[in-house]
Amino acid sequence: MAGVAVSTVINGDAVEYLCQPDEPLLDVLRDRLGLTGAKEGCGTGDCGACSIILDDRLVCSCLVLGAEAEGRRIETVEGMAHGEKLHTLQQKFLEHAALQCGICTPGFLIAAKDLLAKNPDPTEEEIRFGLAGNLCRCTGYDKIVRAVQDAAQVMKGA
Amino acid sequence: MRYIRPLSIEDAVGQLARAVGPAAILAGGSDLLVRMKGGFVEPELIVDIKGIAGLSEIRETAEGFSIGAAVPCAVLGENAALKKAWPGVVEAAKLIGSKQVQGRCTITGNLCNASPAADSVPALVAAGAKAVVVGPSGTRTVAVEIVPTGPGKTSLAKGEIIEAILLGKRAAHSGDAYLRFIPRTEMDIAVVSAGVNLTLDEQGVVKAARVALGAAAPTVLLVEEAAEALIGRKLDEAALERLARICSGACRPIDDKRGTIEFRRKVAGVLARRAATTAYARAGGK
């Protein structure tokens, strides 16, 4: 198989890589670029652990080919904190203990970031619907929802 | 394996027509990549159609709407004019998968994946949608219901690509609706489903109707007898009762882990009745 040369932008930085034509973007991020924030839960678009934002759309990176990222813009969880300063959502996830094992957390953070970018003041129901594509088998979701509600209040006031 | 991203539909058609081994069209990838990962398909050529001009656009034309084959379902939900004209089609498209999947999946892909349980297909069939098929010998426009021929199978020939789905201009006093049964509140595959599209006269009498059932047979069913039961009447109890009975009788479902034959038959009638009631209200009927 011939490699595909891809030029893309990840978290604001221009990035180039070679990938196989059938290689999921998730594998490119994790195995070629060392961006291991996005996780492989199911690999079939059901769990949301590999969520990223591709040209302002929340997607599962396991359901995107690495080759498709040519000329696009990618945001991953690695782009959320600025140096030592955590993103408000990250800070609120810590304060509300909205994680246990942590595997689903990067996906939830990115999905919540996308949700608040489009709807800065969501109702609890809108948060639950907005995050329904992300599965957590530890927390039972209530703490996650409360962390996102709290973050939304802080971000609105900012 | 090769991945290509042609910039014209002619190039894409040519590459697919000349392909020696199995070839696959990639738009949203929410079915294709899952099937590749599971080893169910091993294409030697992947043709990504998202680079082709116009395929990622919804156009409002004199005849209605043209929805490009690469338009993600999330974009359908953001198009106010489309939602107003065809709320049933949009609500069906919006039921497919999570927000993550919505950002990728397309109604053309949903049609071509040819699952009997595809959510957008009964709504499209009820809406009388057409598919614009481009192939090596030219372009043809076909009714969407002739595209899937059985689970996983379509009537598309080698080299053919659906370029767009067409929805007609709305007549006054028209409405459509789609409902499905799933055991959860969202993000599941339809056990059975129904799409209904109605046009009324000034008095609220049904002038035109189309009724389609999903997950009730190997392909989505267009139930003409059910439509005839509604035409020429207001949507009274007797008409709804007849609609439900005809829909239950038209089903040829299977028993599987999602539901039994008996359950699917009964619920197909219930959903058709409820979808008709919603479509009627949307058309302004009282």
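Predicted model: local features only at pLDDT ≥ 70, side-chain atom pairs only at ≥ 80, totals over all residues.

Mentor: Two strands count as paired if DSSP finds at least two bridges between them. The strands themselves are DSSP runs of E of at least two residues, helices are runs of H or I of at least four, and both are numbered from the N terminus.

Trainee: In chain B, how do β4 and β5 run, parallel or antiparallel?

Mentor: Strand β4 (residues 58–61) and strand β5 (residues 64–68) of chain B are antiparallel and joined by 4 bridges. They make a hairpin, with 2 residues between β4(B) and β5(B). Within that pairing, B:T61 has B:G64 of β5(B) as its bridge partner.

Trainee: Which strand does β5(B) also join, through 5 bridges?

Mentor: That is strand β10 (residues 161–168) of chain B, again in the antiparallel sense. Across this pair, B:I67 faces B:I165 in β10(B).

Trainee: Moving to chain A, what is the strand order in the open sheet?

Mentor: The order is β2-β1-β5-β3-β4, an open sheet of 5 strands with mixed pairing. At the edges are β2 (13–19) and β4 (57–60) of chain A, each of which pairs on one side only.

Trainee: How many bridges link β1 to β5 in chain A?

Mentor: There are 2 bridges, and strand β1 (residues 4–10) pairs with strand β5 (residues 73–75) of chain A in the parallel sense. Opposite A:I10 stands A:I74 in β5(A).

Trainee: Where are the domain bounds in chain A?

Mentor: Domain 1 covers 4–78 and domain 2 covers 88–157 of chain A; such bounds come from an automatic or database domain assignment. Their C-alpha centres lie 21 Å apart. Domain 1 of chain A brings 13 residues to the contact and domain 2 of chain A brings 11 residues, where residues are in contact if their C-beta atoms, placed from the backbone, lie within 7 Å.

Trainee: Which strand gives the most to the domain 1 side?

Mentor: Strand β3 (residues 51–54) of chain A does, with 3 residues on the side of domain 1 that touches domain 2.

Trainee: Back in chain B, which residues of α10(B) and α11(B) meet?

Mentor: From α10(B), the residues include B:L240, B:L243 and B:A244. Those in α11(B) include B:A268, B:V270 and B:A272.

How values were computed:
Residues numbered from 1 in each chain as written. Chains lettered and ligands numbered in written order. Contact = placed C-beta atoms within 7 Å.
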